[in-house]
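Here is a short briefing on a ligand site and a single residue. Please keep the sequence and the structure open while reading.

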Amino acid sequence: MPEVSAVVIGAGVDGLVAASMLARRGVTVSVLEAAEEIGGAARTLAFHPGFRIPLAPERLLALRPGLVWESGIDLHDLTIVPHGTSVAIGEDGRSLARHLDDEADLRALAALAPGDALRMPLFETMLARGGALADRLGLGEPLGVETARAFLKRSRRVDAALLALGADEAHECARLLSGALGALLDRHFADPLVKAGLAGPALLGSGLGPMAPGTAAGLLLAQVGAQLAPPRTGAHLMGGLKGFVEALGRAAAAAGASLRVNATVRELTLKHDRVAGVVLESGEALPADLVLSTLPARASVELLEAGPLREALLGQLPAAEPSVVTARAAFALERAPRWTALPPALHRHIGPIQLAPDLGGLERASDAARAGAVPDAPWAELHLASALDAGLAPPGKALLTVTLSPLPGALSEGWSAEAEAGLLDHLQARIGAVARGFEATIEGRTLALGAGAGAGSFRLFGRGAGRLDAGGRAGPKNLYLCGAADHAPLAPLGTAGLKAAKLCLADLSGLKVA
Amino acid sequence: MALERSDLTPPGGGGEPAERPVLVIGAGINGLASAAYLARAGRRVLVLEGRNRLGGMAASVRLDDGPVVSECAHLVTALHPDVMSELGLYRHGLRFSHRRLPTMLLKPGTTLALSEDPWEAEAAIAEIAPGDARAYRRFLELVRRFHEALDPLIANPPARLGGDEAALNEAAHLLGARIGRVSERDFAALATMLAAPVAEVLDGYFASPFLKGGLAFDGVIGAFAAPSWNGTFLSFLQRRFASVSGRWGACGHPAGGLGALADAFWNAARANGAELRLNARVSRIAVDGDRVAGVVLTTGEEIAADIVVSTLHPHATFLELVGARHVDVGFAEDLAHLESRGSVARLTFVIEGLPRLGTHQDEPAPAGRFVIAPDLGYLERALTPAKFGATPAEPAVEFAIPSVHDASMQHEGRHIVTALALHAPLRAAETDETRAAFADAVTQTITRVMPDFRRRVRRAEVLMPRDIEERFGARGGHWHHIDLVPDQAWCLRPHARAAAYRGPLDGLYLAGASSHPWGGVSGLPGRGAAFAILKDRGWG
Ligand SMILES: Cc1cc2nc3c(=O)[nH]c(=O)nc-3n(C[C@H](O)[C@H](O)[C@H](O)COP(=O)(O)OP(=O)(O)OC[C@H]3O[C@@H](n4cnc5c(N)ncnc54)[C@H](O)[C@@H]3O)c2cc1C
Ligand SMILES: Cc1cc2nc3c(=O)[nH]c(=O)nc-3n(C[C@H](O)[C@H](O)[C@H](O)COP(=O)(O)OP(=O)(O)OC[C@H]3O[C@@H](n4cnc5c(N)ncnc54)[C@H](O)[C@@H]3O)c2cc1C
């Protein structure tokens with residue numbers, strides 16, 4: 001391959017994955033990061049004295065083994081600990097513990113809802129089958145539209161997959177891939193808490209309620225990463241995502257990529273409708289044959305040099321603001337809480353614990369958030385993060401992190417201190433209701449809004465083609481989008497970066513992407 | 001209308017003597033279309049309709065000592081051109097009082113007329129949103145190309161999954177042949193948009209919230225859906241594929257209302273000897289082993305048959321008429337969970353004189369299809385209460401004043417307004433109060449854009465989804481009988497085991513709105529079922 005230079009904007013998970021892959025194939029890569037450290041959404045921030053809060057959660061939902069080896073991470077760098085138990089507490093105060101151990105899991109289910117316990121193994125088998133099909137069809141890496149044609153041309157593969165399945169299973173997979181989560185759960189289970197416990201995590205990041213088509217596929221996300229984290233309970237990544245980006249950073253550097261922090265990209269210069277290079281905030285200009293941006297499509301276009309191309313693209317890209325966001329709250333605690341609402345064996349449970357609204361509650365929360373209001377009771381997942389990650393709290397103390405979803409996107413533009421305090425008060429009271437004495441142990445609390453969590457539901461050929469010129473748009477041919485924000489929601493962590501790097505490599509070698 | 005013929009000799013001289021007639025359950029558009037195609041091919045057909053009139057949801061009815069108006073469906077958006085010409089519907093009496101009604105988007109202070117002439121529409125858009133005028137042309141062009149690419153898939157039977165390798169290969173071949181002709185860029189667009197939310201597609205083309213809301217309306221009407229939901233762009237396309245004037249986007253109104261369209265289908269069937277019995281409600285489909293044996297009417301009368309075509313909801317066909325014990329447990333369970341949530345209410349207003357648009361106070365309202373859906377958020381909010389059984393304070397509304405162009409509907413200076421309102425909840429029961437409250441919300445909504453509307457209203461009638469179910473038998477009062485969503489489309493419509501018009505019982509065919517491709521008055525499900533029968537029996 002001739003000498004090729006690439007600039008990657010942003011040193012988050014996706015930027016680092018892409019950088020590492022390109023560098024490993026001989027491309028000269030510079031990663032430019034605006035913040036003073038790498039990590040992006042996976043960073044941890046200083047919080048109450050002695051405490052740090054991880055921005056993105058530590059529950060590993062889906063990480064493809066393929067991503068790990070393709071980006072050159074040394075697996076020994078990662079410690080992944082499966083959660084033995086994950087708990088859901090319903091609005092009525094009932095709780096359901098799901099266990100990694102099959103027998104314990106069935107026993108817990110049977111105690112709550114005997115009929116549903118009988119159906120669970122079938123349901124899980126169905127999910128595993130759906131996950132396997134999803135993998136076979138390449139859904140874990142969302143199909144870019146530019147490969148869709150090749151995909152359909154290779155329709156023998158799809159034909160064979162469908163024929164092998166037979167009518168019932170094919171229909172079942174179709175329901176999983178494109179149906180509404182609520183309808184799917186309703187046809188399998190009767191108990192609202194059983195459904196709620198499955199629904200919350202599956203909806204996370206979509207911003208939708210369980211009635212919307214395409215939300216059932218959220219159940220498959222965990223399946224796609226099943227080799228590293230058990231779908232039923234998830235796993236904890238030691239060091240959180242921070243540990244993961246650090247491993248990625250080391251892998252990228254080892255492959256020869258240069259990583260620069262405090263380097264904010266101000267502009268992308270153009271030459272004949274191709275990107276010629278980047279200009280930094282400092283005025284420094286760097287030429288580049290390829291540019292990969294981890295910013296959302298619109299933000300990427302806003303960086304383009306002023307001119308007709310930029311105007312035309314801005315006209316075609318929807319307004320930037322996400323309709324809903326996922327937020328993180330954190331409580332600095334004097335000591336670890338006791339989950340008094342749970343059976344004694346779980347009083348010292350370290351997480352995850354869902355405060356799980358039922359299907360109707362999830363629908364209402366999504367409606368409220370999408371209409372710009374803070375929902376009364378958004379889905380919340382609690383982790384005693386410090387129990388697994390000692391660095392997050394001073395010795396003897398505890399950090400409880402909460403993922404809250406969905407909240408209105410308008411909040412990301414800034415909101416009042418009272419509104420924030422109101423939300424935290426409410427959350428605090430919800431937690432206090434399941435952990436007696438909790439409120440008295442709070443030393444500090446905070447709320448950080450995550451980025452727009454790629455709101456939307458899954459589609460076979462979704463957004464996130466990796467290129468700007470998808471869907472009839474014309475964009476610079478050598479500008480690739482590799483951020484999670486524009487990717488299909490079913491994509492596991494790092495997929496956007498992986499996908500964009502593959503596209504680049506295919507374009508460089510003229511080979512088709514598989 | 002010939003209801004019964006004692007003379008049972010086969011018509012057209014085609015079949016062998018004493019051939020048993022094909023029984024068609026339901027005289028809606030699809031039952032009639034099916035009958036017309038079968039009769040045209042020389043088969044004996046008997047249509048059994050439970051109500052006292054034909055047309056199903058596309059019927060006309062006389063208002064108490066007033067004019068005859070459409071009873072439920074009120075405008076023809078997509079009647080498939082092949083069906084029109086193959087059955088010779090014009091020859092069989094179809095007349096339109098208007099064939100190219102423009103769509104007029106309304107909000108207080110603004111009227112945007114989208115006529116079927118793209119230049120006119122562009123000029124109109126340029127006045128309110130200059131940047132969107134050219135985008136509109138690009139958008140129309142995209143829809144046209146999509147239509148061209150997809151029409152063969154829509155008008156031909158879908159593949160059948162699970163073992164029928166030949167059919168699947170045939171379908172793959174057809175798909176491949178089409179795809180081979182679509183440009184790389186179009187294919188990319190098609191692939192991303194086919195299951196996309198209509199809002200996402202429109203966002204990619206337009207800036208004007210008003211234009212987006214008005215266009216998105218077609219993606220959610222007839223569906224229990226918000227414009228941000230997957231699949232609503234397909235729903236949009238379905239409304240916009242094929243218009244009676246041959247140009248994209250215009251609606252037609254048959255003289256005499258939608259019942260006149262049903263009459264034309266029936267005339268086409270009758271001309272070839274098909275028979276029809278009204279007030280003949282089927283209570284059971286008789287089964288002999290794994291094949292149909294005939295039907296039993298509510299009167300106890302038994303009619304033997306080798307072939308039965310059902311145009312009913314699959315729940316009604318398989319669980320109520322055939323009976324769960326005659327079908328596979330898994331299939332029965334799937335059908336039991338098949339939810340149909342109708343979400344469109346139908347309103348009829350009798351009004352005194354012609355109202356005026358708020359934006360055009362000096363002239364009476366023109367002919368058109370009026371749409372009130374001023375932005376995407378409005379459509380989102382209209383769905384929220386319906387999820388929990390409540391009505392929206394501001395429904396999205398499509399309405400027409402057919403009496404403007406159809407003189408038969410004018411009566412002593414009074415005009416008729418037919419309206420469809422979204423999203424109406426599917427509740428256990430409706431009362432006069434709940435209906436009146438919803439009619440009031442719709443009246444108020446229309447009055448916002450036609451200030452003199454409310455004071456002209458003399459009478460308002462409402463059919464909520466539950467009322468529609470009770471009156472027409474369509475489960476949940478659903479427009480498409482079952483949702484038109486990706487996992488219930490094409491080879492999965494209404495179910496993988498009952499796709500391509502054939503169910504698990506030999507001799508039982510499906511032809512209603514829940515069969516491929518979708519509901520509405522295209523006539524395609526009826527045609528598809530008839531072709532399936534002719535093919536299976538070698539009667540081609
Ligand atoms: C609340 C929340 C919960 C989540 N939960 C999970 C979960 O449970 N499991 C899971 O797998 N994933 C989860 N995610 C998603 C996951 O964290 C993200 O998908 C992933 O971290 C995104 O990585 P990225 O590289 O695409 O973008 P980012 O991490 O956002 O990286 C973008 C980078 O670009 C930099 N940058 C911005 N502008 C410029 C500029 N002009 N010049 C230079 N640099 C710039 C930023 O500083 C940032 O570092 C969650 C996300 C959030 C917000
Ligand atoms: C409120 C509303 C408004 C609509 N507006 C429009 C519109 O403006 N334009 C448009 O194109 N489409 C419209 N549609 C959709 C369209 O009306 C339907 O999709 C279409 O008419 C369905 O035709 P069909 O023949 O498949 O079924 P149906 O019309 O439902 O016909 C089924 C027939 O079977 C009969 N039947 C039921 N059970 C039995 C039994 N046991 N024995 C004998 N007979 C039985 C019924 O009486 C009925 O006549 C609308 C739908 C609704 C609900």
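Buried means under 20% relative accessible area, exposed over 50%, and partly exposed in between (1.4 Å probe, protein chains only). By that rule A:T403 is buried, with a relative accessible area of 3%.

This is a predicted model: local features need pLDDT of at least 70, side-chain atom pairs count only at pLDDT 80 or more, and totals for chains, interfaces and linings use all residues. Residues are numbered from 1 along each chain as its sequence is written, chains are lettered from A and ligands numbered from 1 in the order in which they are written, and side-chain values use heavy atoms, with hydrogens and water left out.

**A:T403**
- A:T403 sits in strand β18 (residues 398-408) of chain A; strands are DSSP runs (E, at least two residues), numbered from the N terminus.
- Its side chain makes a polar contact (a pair of N or O atoms within 3.5 Å; within protein, one must be able to donate a hydrogen and the other to accept it, and residues adjacent in sequence count only if both atoms are side-chain atoms) with the side chain of A:R328, at 3.2 Å.

- An N or O atom in the side chain of B:N30 is 2.7 Å from an oxygen atom of ligand 2.
- For B:G520, a backbone N or O atom lies 2.7 Å from a ligand 2 oxygen atom.
- The protein covers 98% of the 1000 Å² of accessible area that ligand 2 has on its own (Shrake-Rupley method, 1.4 Å probe).

**Ligand 2: shell**
- Ligand 2 is surrounded by 33 residues, each with a heavy atom within 4 Å of the ligand.
- The closest include B:E49 and B:W479.

How values were computed: Helix = DSSP H or I, 4+ residues; strand = E, 2+ residues; numbered from the N terminus.
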